[in-house]
Amino acid sequence: MPGPNHTPAVLLLYFAQIINSGLALGSVYGLMAIGFALIYNSSRLINFAQGELLLLGGLGLFSLTQAMELNPFLALAAASIWGFLLGHFLYATTLGLAMSQSPLRQLMLTVAASLVWQGLAILVWGKKPLLLAQLLPMPEVRLGSLYFGRDTVTAMVLALASGAALSFFLRHTRRGRAIRAVSMNPLAARLQGINPKASHALAFALAGVLACMAGMAVGPQTMLRYDMGLGLGLKGFVAATIGGYSSLSRVFLGGLGLGLLEAALVLLVSAELKEALSFSLLIGLMLLMPMTSHEERA
């Protein structure tokens, strides 16, 4: 923690460290937040199994790296396919079975799925932390006094590229426009021949891809642990709430802001208080902010 006698050079070093660490984890939170926003806008459901999508996505990639060597292209393809399948399976076993049920029951199904998937992770991969290799190695970057490590650059590239690809898909493809139409008015979309169930399933599958990319980014940073899904999922929920759910760019910026805030708390206050203060922020947001703005959609 910097004191009153620290020189400007030391304070600048603290600032650079906050930026580097904050962007590395903030990119992961941003990807998770986009997944939350995508599913919420499509189906009005908060998916509390989003963190387990990341967990199983990362662990699946870990097992694949133990079986074969993956170049960056194969790693991205494997993460996309694995995440898509996981997201689709999650939909088929939660919302796909309970379309006519109350929102509370649908939400509890995602909570139950989260616990089941965590148990599955323990059964298959055990409780020992596993280090996922850096599958998309990027060079370190220096911008004046700022230093961005390989994990930070990789996480930022994965997050920005995933967000740009998703934005292009939603705006310029037929299936993407169908998801947006369902999010704006499901009845009108149905009258235009759009199948809302197919759009919901696709939104879950795309959220699975985003979670797998997030797992690919966070695995080399913090290792993969059976109990990390809930915490990272809730951080994504906080970031999506900060961003307001209505815009992909806003929820992503919410993730970056949360990451920077956490990095500052760890360096300037205490690492032990990081979780408590982050979730105190969530409580404040839930009490003070509206859930979403219906005027804008992703």
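A salt bridge, as I use the term today, is a side-chain nitrogen of Lys or Arg within 4 Å of a carboxyl oxygen of Asp or Glu. Keep that in mind. One more thing before we start: this is a predicted model.

So, how many salt bridges does a search of the whole structure find? The search finds 2.

Take Lys235 and Glu262. Their side chains meet in a salt bridge, at 2.8 Å from N to O. Lys235 lies in helix H9, residues 228-243, and Glu262 in helix H10, residues 248-268, so the pair ties together parts that are 27 residues apart in sequence. Buried or exposed? Lys235 is buried, and Glu262 is buried too.

Now the other bridge. Asp227 pairs with Arg225, and their closest N and O atoms are 3.3 Å apart. Asp227 is partly exposed, with 38% relative accessibility. Arg225 is also partly exposed, at 32%.

Next, the largest pocket. The space in there is about 450 Å³. The lining has 25 residues, and those closest to the centre are Leu25, Tyr29, Thr222, Glu262 and Lys274.

Which elements give two or more residues to the lining? They are helix H1 (8-43), helix H8 (196-222), H9, H10 and helix H11 (274-288). H1 gives the largest share, 8 residues.

Last point, the make-up of that lining. By class, 10 residues are nonpolar, 9 are polar and 6 are charged.

To wrap up, come back to Glu262. This residue is buried, sits in H10, and is among the residues closest to the centre of the largest pocket. Thank you.

Definitions and conventions:
Residues numbered from 1 in each chain as written. Predicted model: local features only at pLDDT ≥ 70, side-chain atom pairs only at ≥ 80, totals over all residues. Heavy atoms only, no water. Buried < 20%, exposed > 50% of the residue type's maximum accessible area, 1.4 Å probe, protein only. Helix = DSSP H or I, 4+ residues; strand = E, 2+ residues; numbered from the N terminus. 1 Å grid on protein atoms, 1.4 Å probe; cavity = no way out; pocket = protein on both sides within 12 Å on 5 of 7 lines; lining within 4 Å. Points joined across faces, edges and corners; volume = space filled by probe spheres on them. Nonpolar A, V, L, I, M, F, W, Y, C, P; charged D, E, K, R; others polar.
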